[in-house]
Every structure is written in structure tokens, then in C-alpha cells.
Amino acid sequence: MENTQAAQEVARLSRPPGSVSIGWRVFQDRCASCHGVAATGTANGPDLLPRVRDMGSRQFVSLVLKRYDWNLPPSQATSEGAAREALIDEILERRRNFKPTMPAWDGEPIVTTHIVDLHAYLSARAQGTQGPDRPLP
């Protein structure tokens, strides 16, 4: 009989901190309307799985809480001046044309409180360790 305890412990330690189950609930409540119930995208929001697959928790938190556009380099998204003004103009133009933009969630208490859980859920989805269905508690 093969001892799998060591492999299970390594797998457990390599997962990001947070609760996949709580992250799933926050995602369904705040994110699924744009990104789809399985985080694989809709006409209003992109597939998050390839974006999150290799993303560390710090980058994830910065993108979700502070930035409006996942495609801009971090320095441009948080800078002052012309680059920031161009970003604001683009956001306003997208709203005029009914093309939703990723909001910054830093003022939303449920998202900020459970950002680590949200990252745990999306990381599990991106790594294939969590399917599209509700996680077990």
C-alpha cells in the first residue's frame, strides 16, 4: 500500500490560504453576473481561469481591489496624470456604450473581508482542483 500522506500534505500546503467554499459564495454573489457562475466568462466579463492560474495573491488583491482594467500594467492603472485620465475616459466611454468595466472593490465590505477566500476559490478553479459546482463545506 502506497503512503499518500506526504503528497497530500504538500498539496495542502501549496494551496493559497482561504476558504474555497466562502470564496465560491462571494464569487456567486458579487462576480458571477459578469464572469459567469463557473468563472469562465460571459459577454460582460472575461474568463478568469487563465488570468488567475499563475497569479499570486498580492497581484490578485491589487487587481480586484484597486484596478479597473486587468489588461493595463499595474504602474499605468494606479498612476496619476495622463495615463490615469485616459483610463477614466475609457471607462466612461465603455459605460456610454453599455460595455461593463471591472469595478474596483476596495469599498465593498464583503469582497474586502473575503478577498483571500475569493482568491482561494478562483485559484482552485484555475488549477482544476475545484469544479464548476458548489464546493463541499
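Let me start with helices H2 and H9, whose axes, in this predicted model, come within 7 Å of each other and cross at roughly 95 degrees. An angle from 65 to 115 degrees counts as roughly perpendicular, and so H2 is roughly perpendicular to H9.

If you look at where the two helices meet, the H2 side contributes Val20, Ile22, Gly23, Trp24, Val26, Phe27 and Gln28, while the H9 side contributes Asp117, Leu118, Ala120, Tyr121, Leu122 and Ala124.

Because Phe27 lies in helix H2 and Tyr121 in helix H9, the pair ties together parts that are 94 residues apart in sequence. Phe27 counts as buried, at 0% relative accessibility, and Tyr121 is buried as well, with a relative accessible area of 0%.

That brings me to the largest nonpolar core, which has 22 residues, and in which Phe27, Phe60, Val64, Val111, Ile115, Leu118 and Leu122 touch the most other members. Helices H2, H4, H5 and H9 each supply at least two residues of this core, with the largest share, five residues, coming from H9.

I will finish with Leu118, which, leaving aside its neighbours within four places in sequence, is in contact with Gly23, Val26, Phe27, Cys31 and Phe60.

Key: Residues numbered from 1 in each chain as written. Predicted model: local features only at pLDDT ≥ 70, side-chain atom pairs only at ≥ 80, totals over all residues. Heavy atoms only, no water. Core = buried A, V, L, I, M, F, W, Y, C linked by side-chain atoms within 4.5 Å. Buried < 20%, exposed > 50% of the residue type's maximum accessible area, 1.4 Å probe, protein only. Helix = DSSP H or I, 4+ residues; strand = E, 2+ residues; numbered from the N terminus. Contact = heavy atoms within 4.5 Å. Axes fitted to C-alpha atoms, helices over the stretch in contact; angles between N-to-C directions. Parallel < 35°, antiparallel > 145°, perpendicular 65-115°, else oblique.
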